[in-house]
Amino acid sequence: MATLATSSGSNNPPSSTVYIKNLEERIKVDQLKEALTEIFSEYGNVIDLVAKTNLKAKGQAFVVFDDAEAAGRAIKEVQGFELFDKPMVLDYAKTRSDATVLIDCNVEELEAHKRRRLAEKERKQASEAAEAQKKLKRAAAANGAEPVARAAKASRGAGLKSSNPAGGPIIPEEYLPPNKILFLQNLPDDYDVDSLTSIFGRFEGFREVRLVPGRKGIAFVEYEAEAGAISAKESTAGMTLGDEGKVIKVVYQRK
């Protein structure tokens with residue numbers, strides 16, 4: 001390892017969390033975290049370190065100090081430091097870490113912080129999916145093919161509203177932006193309003209469960225605000241119900 005003590009200025013306001021990218025992706029997470037902890041504990045008290053294994057987050061990590069001054073020192077002095085033969089690129093993180101929120105606030109505010117972060121993530125995914133659909137549609141139009149929206153039409157669940165009645169790009173269900181109504185699919189046939197209320201009624205701002213007349217296996221759950229729907233979706237997506245252990249699908253309703 002060779003130290004390159006260069007500083008490149010930050011793009012984000014100072015915080016106690018350092019964002020690191022350009023890490024070696026082939027290194028095991030445990031080994032990476034151990035190396036990062038050894039390096040960054042020289043600059044202050046490290047209260048959390050996050051490095052994920054999913055494909056999109058590989059090569060990145062977050063180091064959380066107990067104060068912003070320690071984070072600033074680390075960014076200034078570790079910028080460009082070669083770890084596993086790759087120079088690290090550092091900046092302040094754009095948002096506060098869970099560990100920092102918990103120290104500054106309470107558990108309730110931490111949960112609200114997590115919901116906001118999840119909502120922002122889902123909005124970003126929805127935006128990326130819509131942009132990808134637009135590119136496909138433009139490519140299809142350039143080749144003289146029919147709009148790709150027709151191919152996606154069949155994927156809409158019964159009872160869902162069209163996100164674009166004029167025939168624009170259709171966002172896949174998994175990437176719909178948050179709203180206060182959830183659309184449930186693949187429910188056991190014998191699940192009624194009461195049984196679904198016992199599951200979804202425990203989340204903040206619950207209003208009602210609505211079944212679709214003449215259609216089994218689907219339902220809508222409405223909350224007073226997005227926050228309740230976000231919590232419910234996060235906690236119940238992929239849940240198994242009924243004697244057959246059916247895995248339910250929980251998405252936001254199309255607006």
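Okay, one term before we start: a polar contact is a pair of N or O atoms within 3.5 Å. Keep that in mind, and also that what we're looking at is a predicted model.

So, let's begin with glutamate 24. You'll find glutamate 24 in the loop between strand S1 (17-21) and helix H1 (29-40). Its side chain has a polar contact of 2.9 Å with the side chain of arginine 26, and the two residues form a salt bridge as well. Is glutamate 24 buried or exposed? With a relative accessible area of 12%, glutamate 24 is buried, because buried means under 20%. Arginine 26, on the other hand, is exposed, at 73%. Glutamate 24 also touches Phe84 and Lys86, leaving aside residues up to four places away in sequence.

Now, salt bridges. How many does the structure hold? There are four. One of them joins arginine 210 to glutamate 222, with the closest N and O atoms 2.7 Å apart. That pair links distant parts of the chain: arginine 210 sits in strand S8 and glutamate 222 in strand S9, twelve residues apart. Then salt bridges with shared partners tie Arg207, Glu208, Arg210 and Glu222 into one network. In that group, glutamate 222 is buried at 11%, while arginine 210 is partly exposed at 27%.

The whole structure has four aromatic pairs. Tyrosine 223 is buried at 0%, and phenylalanine 206 is partly exposed at 22%.

Key:
Residues numbered from 1 in each chain as written. Predicted model: local features only at pLDDT ≥ 70, side-chain atom pairs only at ≥ 80, totals over all residues. Heavy atoms only, no water. Helix = DSSP H or I, 4+ residues; strand = E, 2+ residues; numbered from the N terminus. Buried < 20%, exposed > 50% of the residue type's maximum accessible area, 1.4 Å probe, protein only. Polar contact = N/O pair within 3.5 Å; in protein donor to acceptor, adjacent residues only side chain to side chain. Contact = heavy atoms within 4.5 Å. Phe/Tyr/Trp six-rings, centres within 6.5 Å; stacked < 30°, edge-to-face > 60°. Salt bridge = Lys/Arg side-chain N within 4 Å of Asp/Glu carboxyl O.
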